[in-house]
Amino acid sequence: MAQSSRPADVPGLPARRSALKLLDAVLRRGDPLEIALHGACQGLADRADRALVHAITAEVLRHLPDLDALIDGATRLPLPDDAKARMVLRIALVQVLVLGTAPHAAIATALPLVDGGPRKLVHGVFGTVTRSAPVLPDPPTLPAAVADRWAAQWGSAMVEAAARAYAIRPPVDVSLRDPAATAEWTAQLGGVSLAPGHVRLPDGANIPDLPGFADGAWWVQDVAASCPARLLGAGEGRHVLDLCAAPGGKTMQLAAAGWRVTAIDQSKKRLERLTENLTRTGLSADVVQADLRQWQPDQPVDAILLDAPCTATGIYRRHPDVLHRIGPRQIAELAELQGALLARAADWLKPGSVLLYATCSLEQAEGEEQITRLLAARPDFALVPAQAGELPDGMTPTSQGWLRTLPDTLATQGGADGFFIARLAKATN
């Protein structure tokens with residue numbers, strides 16, 4: 001007589017167990033998804049299994065309010081947010097409703113994740129929900145706290161645009177080592193260009209297999225992320241500090257534009273990736289590992305690009321975990337760090353030189369409020385408004401002169417990440 005299958009023998013169970021660990025790391029501990037992924041997937045040798053763990057977790061986070069609404073509609077008493085039964089139900093339901101997994105396969109890998117009474121609860125709630133053939137809302141519902149915070153800053157129309165953008169797979173943009181070859185690479189890659197040195201790739205492009213990747217002719221970089229370096233223009237051999245530089249997209253832009261670049265970052269691992277990118281593209285920069293709160297240059301420089309550490313809420317389309325990890329406390333802590341770094345960097349410039357400040361955040365505390373505060377404290381600095389001709393097609397500076405990309409920026413072309421970018425000039429005397 002054949003022995004009955006143990007829970008550990010269920011095909012696909014290790015990947016679901018890893019997804020459960022990863023969700024717990026993000027939602028309970030507040031760890032970034034991409035950083036926690038490695039630890040959660042230890043023991044999974046198959047790349048397909050690791051990809052499945054990422055897909056399950058990312059889609060649970062993207063649809064979390066709507067999945068919870070289905071679960072709460074099928075239970076007599078609400079489950080605690082961090083209850084294992086709720087976590088397991090999220091994993092099982094998202095497989096059926098988003099990833100196309102058959103219900104019997106989803107529940108077969110869900111039940112072994114819970115023990116005792118909760119197993120019966122999971123089975124019952126899953127059956128009640130799936131029998132009603134539900135469809136998740138399109139676009140997904142943003143977490144209430146995020147929607148309220150953004151509505152207070154930007155208005156309800158922005159929140160609606162953010163939800164629409166959340167439902168669409170973000171396009172892949174690349175920056176070119178040689179902007180003069182934009183037309184050639186646009187044709188060769190089968191994409192569209194929104195600016196010199198930019199190509200937006202067609203959907204489904206397999207990056208490593210595309211022409212020019214191995215040769216270092218281009219690198220992946222969202223069109224909004226390419227704007228800070230654009231606003232510094234041609235380097236002509238002048239010295240620029242790229243602060244918080246890794247993984248190096250802006251470093252490569254600056255080097256390609258003729259700047260003598262010193263790239264500084266605190267993370268050794270991220271600097272290793274920056275160095276790899278420089279090697280692949282054949283570009284050069286002086287790479288320094290340092291904490292900017294202690295480091296300073298030997299002498300004043302011609303320009304500084306500070307892509308400051310931030311909450312990264314502007315890249316929520318690619319990293320849905322930020323909508324669940326980031327709240328007022330994290331925003332306030334990072335805003336304090338940004339202010340400190342801005343104040344230090346402002347003292348490292350030659351008279352008449354330029355400071356470029358950027359964050360990939362949709363929070364005004366990390367953008368508009370930082371520059372307003374700096375200008376009030378430092379009368380030797382003045383805003384240099386961005387000009388429409390310096391920016392990609394479809395992007396326009398605000399009336400204040402800085403650039404703010406929101407979820408409706410380039411909406412008809414696939415959108416762009418959320419960024420704040422300001423260019424400041426130091427007085428000549």
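The following questions and answers examine how several features of this predicted model are assigned. Local features need pLDDT of at least 70, side-chain atom pairs count only at pLDDT 80 or more, and totals for chains, interfaces and linings use all residues. Residues are numbered from 1 along each chain as its sequence is written, and side-chain values use heavy atoms, with hydrogens and water left out.

Q: How do you know that the span of helix α13 agrees with its number of residues?
A: Helices are DSSP runs of H or I with at least four residues, and strands are runs of E with at least two, numbered from the N terminus. The expected span is 1.5 Å times one less than the number of residues. The 14 residues of α13 (268-281) should therefore span 20 Å, and the end C-alpha atoms are 20 Å apart, which agrees.

Q: Why is Asp222 called buried?
A: Buried means under 20% relative accessible area, exposed over 50%, and partly exposed in between (1.4 Å probe, protein chains only). Asp222 has a relative accessible area of 7%, so it is buried. Asp222 lies in the loop between β3 and α11 (227-230).

Q: What does Asp222 touch?
A: Contact means heavy atoms within 4.5 Å. Not counting residues up to four places away in sequence, Asp222 touches Asp173, Arg317, Arg318, Ala416 and Asp417.

Q: What makes β7 and β8 paired strands?
A: Two strands pair if DSSP finds at least two bridges between them. Strands β7 (301-307) and β8 (349-359) run parallel and are joined by 6 bridges; Ile304 has Leu355 as its bridge partner in β8.
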